[in-house]
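Please read them alongside the sequence and the coordinates.

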Amino acid sequence: MKIGAHVRDDDPLTAVAERDAEVLQFFLSDPQGWKAPKPHPHGEAIKESPVEVFIHSPYLINVASMNNRIRIPSRKNVTQHANGAAEIGAKGLVVHGGHVGSSEDVEEGLVNWRKLFEREQEKGGFAVPILIENTAGGDNAMTRDLDTIARLWDKVGEFGAGFCFDTCHAYAAGWDLTEAVKKVKAITGRIDLVHLNNSRDEFGSTRDRHANVVGGDGTIDPEVLAAVAAEAGAPVIVETPADGQAADIAYLRERIASA
């Protein structure tokens, strides 16, 4: 099992070496913007590196949205970032599940997700797997609750959609982490990537505030997090404060090896 971190965008391979990481994740463009990614200055080196690479899409993307001014650029942006990810040899593109408005029907958001895959399928499919990530809060979110995730997978599973499991988000959403991997796999049949993050807030808070796996102000037992990683059996990315990432990776590597 490969373990690594979400790192700075400008020189990710140097950041990987500093953390003794085997897998990395980063953004190809401003995570708070809509701009298409430009060729990465270290793109060839990243592609040739033995390190596995995953790309995180911008936070503004909301494929589920009923608002055309959000949904349409979101669809375009997913395709652009999938293409950019493929250019550097990435294994997948992480996309948050998104949400619909408070007075809108969740079912319509799920249908919008299916339309994303249907439209791209007509053009030959995405350049890399799309890994849909669970989220921490929102009453009308697509991936906060396991029941809604099951409904989403009824819509998109046939297109090969992947799943990115975030432990902080799951804990904040009120999932029992000792049962979560088994329940997710029963729904999706897969976990392609784990975002192994501790949480600064309490169980069920619905707040998405990451903490280091060890040595920080996390409220999740690090041994529980290590057990989740071992059970998931997928590449692990810590999206934790940078100063503690090397210690997080070392702890997880030791705990999983001895499990």
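1. Two strands are taken to pair if DSSP finds at least two bridges between them; helices (H or I, at least four residues) and strands (E, at least two) are DSSP runs, numbered from the N terminus. This is a predicted model, in which local features need pLDDT of at least 70 and side-chain atom pairs count only at pLDDT 80 or more, while totals for chains, interfaces and linings use all residues. Residues are numbered from 1 along each chain as its sequence is written, and side-chain values use heavy atoms, with hydrogens and water left out.

2. On the overall fold, the protein has nine helices and 10 strands. Its radius of gyration is 17 Å, close to the 18 Å that the globule rule gives for 259 residues, so the protein is as compact as a globular protein of that length; the radius is taken over C-alpha atoms, and the rule is 2.2 Å times the number of residues to the power 0.38. The C-alpha trace spans about 45 × 40 × 30 Å along its principal axes.

3. The protein exposes about 11200 Å², of which carbon and sulfur atoms supply 47%, the areas coming from the Shrake-Rupley method with a 1.4 Å probe and, for residues, with only the protein chains shown counting as cover. Among contacts (heavy atoms within 4.5 Å) with a separation of 6 or more, 74% are between residues 24 or more positions apart.

4. In what order do the eight strands close into a barrel? The order is β1-β2-β3-β4-β5-β6-β7-β10, and the pairing is parallel. From one strand to the next the twist averages 30°, with axes being lines fitted to C-alpha atoms, for helices over the stretch in contact, and angles running from 0 to 180 degrees between N-to-C directions. By way of background, strands of a sheet pair through backbone hydrogen bonds, either parallel or antiparallel.

5. Helix α3 (residues 68–87) lies across β3 (52–56), β4 and β5, and runs at about 155° to β4.

6. Turning to charged pairs, the structure holds 18 salt bridges, a salt bridge being a side-chain nitrogen of Lys or Arg within 4 Å of a carboxyl oxygen of Asp or Glu. One of them joins K123 to E120, with the closest N and O atoms 3.5 Å apart; K123 counts as exposed at 61% relative accessibility, whereas E120 is buried at 8%. Another brings together the side chains of R255 and E223 at 3.6 Å, N to O. R255 lies in helix α9 (residues 245–258) and E223 in helix α8 (residues 222–232), so this pair ties together parts that are 32 residues apart in sequence. R255 counts as partly exposed at 33% relative accessibility, and E223 likewise counts as partly exposed, at 46%.

7. Salt bridges that share partners also join R8, D10, E18 and R19 into one network. Within it, R8 and D10 form a salt bridge whose closest N and O atoms are 3.6 Å apart, and R8 is partly exposed at 35% relative accessibility.

8. Two backbone angles deserve a check. Most residues other than glycine have a negative phi, and most peptide bonds are trans. D20, although not a glycine, has a positive phi of about 55°; D20 sits in the loop between α1 (12–19) and β2 (23–26) and is exposed, with a relative accessible area of 52%. T206, also not a glycine, has a positive phi of about 65°; T206 lies in the loop between β8 (198–199) and β9 (210–211) and is partly exposed, at 34% relative accessible area.

Terms used:
Buried < 20%, exposed > 50% of the residue type's maximum accessible area, 1.4 Å probe, protein only.
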